[in-house]
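This briefing covers helix packing and salt bridges. Please consult the sequence and structure shown here.

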Amino acid sequence: MLGNLRGSSSMHKRTMVSRDCFDSSDIEDNSELLQGSLEQDTTNPPWKRSFPHVIVATLVAFLFGYHLGVVNEPLETISVDLGFSGNSLEEGLVVSTLLAGAFGGSMFSGRIADDVGRRKAFQLCALPMILGASICATTTNLAGMLLGRFLVGTGLGVGPPVASLYVTEVSPAHVRGTYGSFIQIASCLGLLGSLLIGIPVSSVVGWWRICFWISTIPAAMLVLLMIFCAESPHWLYKQGRIAEAELELERLVGSSHVKAAMVELSKTDRADEIDTVKLTELLYGRHSRVIFIGSTLFALQQLSGINAVFYFSSTVFRRAGVSSNLGNVFVGVTNFTGSIIALGLMDKLGRKALLLWSFSGMALAMVLQVLAAAIPVSNPFAFYLSIGGMLLFVLMFAVGAGPVPSLLLPEIFPSRIRATAMAFCMSVHWVLNFLVGLLFLPLLDHMGPRLLYAMFCTFCVMAVVFVKRNVLETKGKSLQEIEIALLPQE
């Protein structure tokens, strides 16, 4: 797959061109060249050139899904072996420490991606995942497990925002939505993989340690394969490394499309891109609108209750007489099916349409859950209605609300703030993810299922209204066209 990625190592080294040399006269010259190139080649850039780079980047998403599910089946065995069996608080810490580490990592992901580049950021995020998983696999006490999970979470906090950035920046516009769906598919595969690998844990002594060791393999692959992948041309251009950006674009889109791509890059903010982006500038400056859209989308994604539904699924299946293992497979397959559907529709229907249909379907699924909760428990129809509602909820989430925000946000953020803005919005995601997981069961006890699911339904309806009023359709548009449409011009 990656044989063609070595092209740049055999190309002669070009002289570095400073940003100062790429002035308005160069843009005019390039514009003339662009007109000539468009007469010769009006086709879309070949997708096969960027495809291997995107696949390597999705290893981060695979690891994200894997580590979220790796303690699902083995948790009881881990608690027995490490001496905290029956302590629900400590069992919860094993799960939630990962989220705490992810929040910390997400706060620094933008700075790391901007300082060292996208490729090195991938490699850096893999290192704590390898170290943390190794500690989890060898520990003999709870403290070691928590330390390992925290380190893994730190890597996961850095990785997914960088993956979204990278896939957006290296993908041709006509397949950017499809490639963005790969992130969700890889996450589903990672989650399914962890559940399947965890099945022997009850019959094989110490199998849970093997589950952690296995996760080091894709993390090591990420470190090695990124050596052969292209750096983001957008990042290189921001650094003033124009010649290198041109070289990488040639690898990603082909020589006949390089001039057009460079003209597009020249339309971004150039004067102050290297300056540090401050949080106050994101919240109160000219970028505040896109930050509001991005953070609200992630907030509504979590407040819809998706993680609570995943958490409660085992209980629902057991009440219906279905084993939790089989139930987890149902949920995993439904999630994967929805991601495949999104893959086919992302660049056809568009991001906004998928979000609207997705949140609308999730609201309907929550209505089914409310109805199921209103039917007497003794009625078997209530169980199956609840299962149907839950699977519909997961399916509709995977079609739009799951994959679209991670793709849409890097598209709507201007080049100068893209990495920092993604880090900020992902931190909102992790905080609400943690709070929903922490408060779901207490709220369920105090509010009851009908009121709680009605609350989730309300958030889904709010999301429909928000998307309809605020989200711009980005299908088929270049990143520069989207920036011009959304950013107030000074």
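Helices α4 and α10 are roughly antiparallel to each other (an angle over 145 degrees). This is a predicted model, in which local features need pLDDT of at least 70 and side-chain atom pairs count only at pLDDT 80 or more, while totals for chains, interfaces and linings use all residues. Residues are numbered from 1 along each chain as its sequence is written, and side-chain values use heavy atoms, with hydrogens and water left out.

**Helix packing**

- Helix α4 (residues 59-69) packs on helix α10 (residues 207-225) at about 165°, and their axes are 10 Å apart.
- Contact (heavy atoms within 4.5 Å) involves residues including Leu-59, Phe-62 and Tyr-66 of α4 and Ile-214, Pro-218 and Leu-222 of α10.
- The residues of this contact comprise 12 nonpolar, 2 polar and no charged.

**Salt bridges**

- There are 10 salt bridges, each a side-chain nitrogen of Lys or Arg within 4 Å of a carboxyl oxygen of Asp or Glu.
- Arg-118 and Glu-169 form one of them, at 3.0 Å from N to O; Arg-118 lies in helix α7 (residues 118-138) and Glu-169 in helix α8 (residues 142-170), so the pair ties together parts 51 residues apart in sequence.
- Glu-169 also pairs with Arg-418, with the closest N and O atoms 3.1 Å apart; Arg-418 lies in helix α21 (residues 418-470), so this pair ties together parts 249 residues apart in sequence.
- Asp-114, Arg-118, Glu-169, Lys-238 and Arg-418 are linked in a salt-bridge network.

**Burial**

- Arg-118 is buried (under 20% relative accessible area), at 0%.
- Glu-169 is buried at 5%, and Arg-418 is buried at 1%.

Terms used: Axes are lines fitted to C-alpha atoms, for helices over the stretch in contact, and angles run from 0 to 180 degrees between N-to-C directions. Helices (H or I, at least four residues) and strands (E, at least two) are DSSP runs, numbered from the N terminus. Angles under 35 degrees count as roughly parallel, over 145 as roughly antiparallel, 65 to 115 as roughly perpendicular and the rest as oblique. Ala, Val, Leu, Ile, Met, Phe, Trp, Tyr, Cys and Pro count as nonpolar, Asp, Glu, Lys and Arg as charged, and the others, Gly among them, as polar. Buried means under 20% relative accessible area, exposed over 50%, partly exposed in between (1.4 Å probe, protein chains only).
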